[in-house]
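Colleague: I'm new to this one. Could you walk me through it?

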Amino acid sequence: MTVEATTITGYLFDNNTTTYSYSKTVDGAVELTITTKADTIAISFAKSTTAPEGTVTLPQATTATYDQDFEIPAVTSGIEIVGYTFAGWATTASGEVVYADAETISSTTINSWYAAKSQTLYAV
């Protein structure tokens with residue numbers, strides 16, 4: 001008996017792949033259970049190209065999980081630019097604020113980033 005299976009988008013088999021192959025000679029009934037887990041998307045943080053020069057300490061890179069909401073780490077300190085106030089996060093280097101500090105991003109948005117397997121959020 002040979003079994004081949006393919007996961008749905010955003011999920012991996014327990015062997016961290018998107019395909020699973022199992023082959024065994026059997027005599028009688030067989031029950032085969034294959035488990036899956038949600039994959040992750042790399043989230044990194046960078047300074048926006050529109051922000052003035054100065055010291056910016058950004059959150060550490062992290063991961064978001066497919067089909068789960070993601071809370072942006074709070075920026076409690078570390079942005080020290082005279083005359084500049086941190087406004088939030090953009091999804092492009094020169095973009096406008098899309099997310100507030102510590103905002104929760106919906107699983108729908110996280111899932112839309114899955115094809116790229118990563119997303120950078122830019123401090124604005």
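Modeller: Helices (H or I, at least four residues) and strands (E, at least two) are DSSP runs, numbered from the N terminus. This is a predicted model, where local features need pLDDT of at least 70, side-chain atom pairs count only at pLDDT 80 or more, and totals for chains, interfaces and linings use all residues. Residues are numbered from 1 along each chain as its sequence is written, and side-chain values use heavy atoms, with hydrogens and water left out.

Colleague: Okay, in what order do the elements run from the N terminus on?

Modeller: The order is β-β-β-β-β-β-β-β-β-β-β-α-β. That's 1 helix and 12 strands.

Colleague: What does β5 pair with?

Modeller: Two strands pair if DSSP finds at least two bridges between them. β5 and β7 are antiparallel, with 4 bridges, and I43 sits opposite T62 in β7. β5 and β12 run parallel, joined by 6 bridges, and there A46 faces Y122 in β12.

Colleague: And which residues have the most contacts inside the largest nonpolar core?

Modeller: I43, I72, W89, I105, W113 and L121, out of 21 residues in that core. β5 (40-47) and β12 (118-123) each supply at least two of its residues, and β5 gives the largest share, 3 residues. A nonpolar core here is a set of buried Ala, Val, Leu, Ile, Met, Phe, Trp, Tyr and Cys residues joined through side-chain atoms within 4.5 Å. Buried means under 20% relative accessible area, exposed over 50%, partly exposed in between (1.4 Å probe, protein chains only).

Colleague: How much of the protein is buried?

Modeller: 31% of its 124 residues.

Colleague: Switching topic: how many aromatic pairs are there?

Modeller: Rings of Phe, Tyr and Trp (its six-membered ring) pair if their centres lie within 6.5 Å; planes under 30 degrees apart are stacked, over 60 edge-to-face, and the rest tilted. That rule gives 5 aromatic pairs. One of them is Y11 with Y66, edge-to-face at 5.8 Å centre to centre and 80° between the planes.

Colleague: Where do those two sit in the chain?

Modeller: Y11 is in strand β2 (residues 11-13) and Y66 in the loop between β7 (62-65) and β8 (70-71), so the pair links parts 55 residues apart. Ring pairs also bring in Y114, making a cluster of Y11, Y66 and Y114.

Colleague: Is Y66 buried or exposed?

Modeller: Buried, because its relative accessible area is 10%.

Colleague: What about L32, where is that?

Modeller: L32 is in the loop between β3 (19-23) and β4 (36-38). It counts as partly exposed because its relative accessibility is 34%.
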